[in-house]
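Have the structure open as you read.

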Amino acid sequence: MEIEKMVGIGITAVVISVLLKKYRPEMAVMISVITVAILFGIISPYLKSVMAMFVDLSERIGIEMQYIVIVIRVIGIAYIAQIGSEICRDAGENAIGTKIELGGKIVIIAMSMPVIYKLMEVVTEVINLA
């Protein structure tokens, strides 16, 4: 199973990183970055099936695809920001990690505005019908 492979790679990377941190801290950060890339490579085939499920869901319930794309992008941004901030924290750069999280949140709000506008339109229509 993929999860065992991912856990094994993760634990191995942590052990190597902890051992290297004493002597070559910059290499420990690189181990972390490389591990993230490897793990992403393992999970990327699953992303196709998730995308197909979102497309199917939008067709079944009649949601415009542009809104599904926004939701998928927002989820991606949240994960990327979290991974980036955690790598910074692992390197001892908490301030940079916090700024990455803040940046991710601002981008998510900006990208979500079309969905928020559409939601407000629907709410207004419902209120006017009542």
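Which residues of α2 are buried? They are Ala28, Ser32, Thr35, Ile42 and Ser58. Buried here means under 20% relative accessible area, exposed means over 50%, and partly exposed lies in between (1.4 Å probe, protein chains only). The cover over these buried residues includes α1 (2-21) and α3 (65-90).

Before going further, a word on the source: this is a predicted model, in which local features need pLDDT of at least 70 and side-chain atom pairs count only at pLDDT 80 or more, while totals for chains, interfaces and linings use all residues. Residues are numbered from 1 along each chain as its sequence is written, and side-chain values use heavy atoms, with hydrogens and water left out.

**Helix α2**

Helices are DSSP runs (H or I, at least four residues), numbered from the N terminus. Helix α2 covers residues 25-61, and its 37 residues should span 54 Å at 1.5 Å a residue; the expected span is 1.5 Å times one less than the number of residues. The end C-alpha atoms of α2 are 51 Å apart, which agrees.

Look along α2 and you will find a bend of about 40 degrees at Ser44, with a proline, Pro45, following within four residues. The bend at a residue is the angle between axes fitted to the seven residues ending there and the seven starting there. After α2 comes Gly62, which has a positive phi, near 80 degrees.

**Salt bridges**

Side chains of opposite charge can pair when their charged atoms come close. Counting a salt bridge as a side-chain nitrogen of Lys or Arg within 4 Å of a carboxyl oxygen of Asp or Glu, the model has 4 salt bridges. Among them are these:

| Salt bridge | Closest N and O atoms |
|---|---|
| Glu2 with Lys5 | 3.6 Å |
| Asp56 with Arg60 | 3.0 Å |

Glu101 is partly exposed at 27% relative accessibility, and Arg89 is partly exposed at 31%.

In helix α1, Glu2 and Lys5 are 3 residues apart, which means about one helical turn separates them. Glu2 counts as partly exposed at 27%, as does Lys5 at 43%.

Back in helix α2, Asp56 and Arg60 are 4 residues apart, so about one helical turn lies between them. Asp56 is partly exposed at 33% relative accessibility, whereas Arg60 is exposed at 68%.

Conventions: Helix = DSSP H or I, 4+ residues; strand = E, 2+ residues; numbered from the N terminus. Contact = heavy atoms within 4.5 Å.
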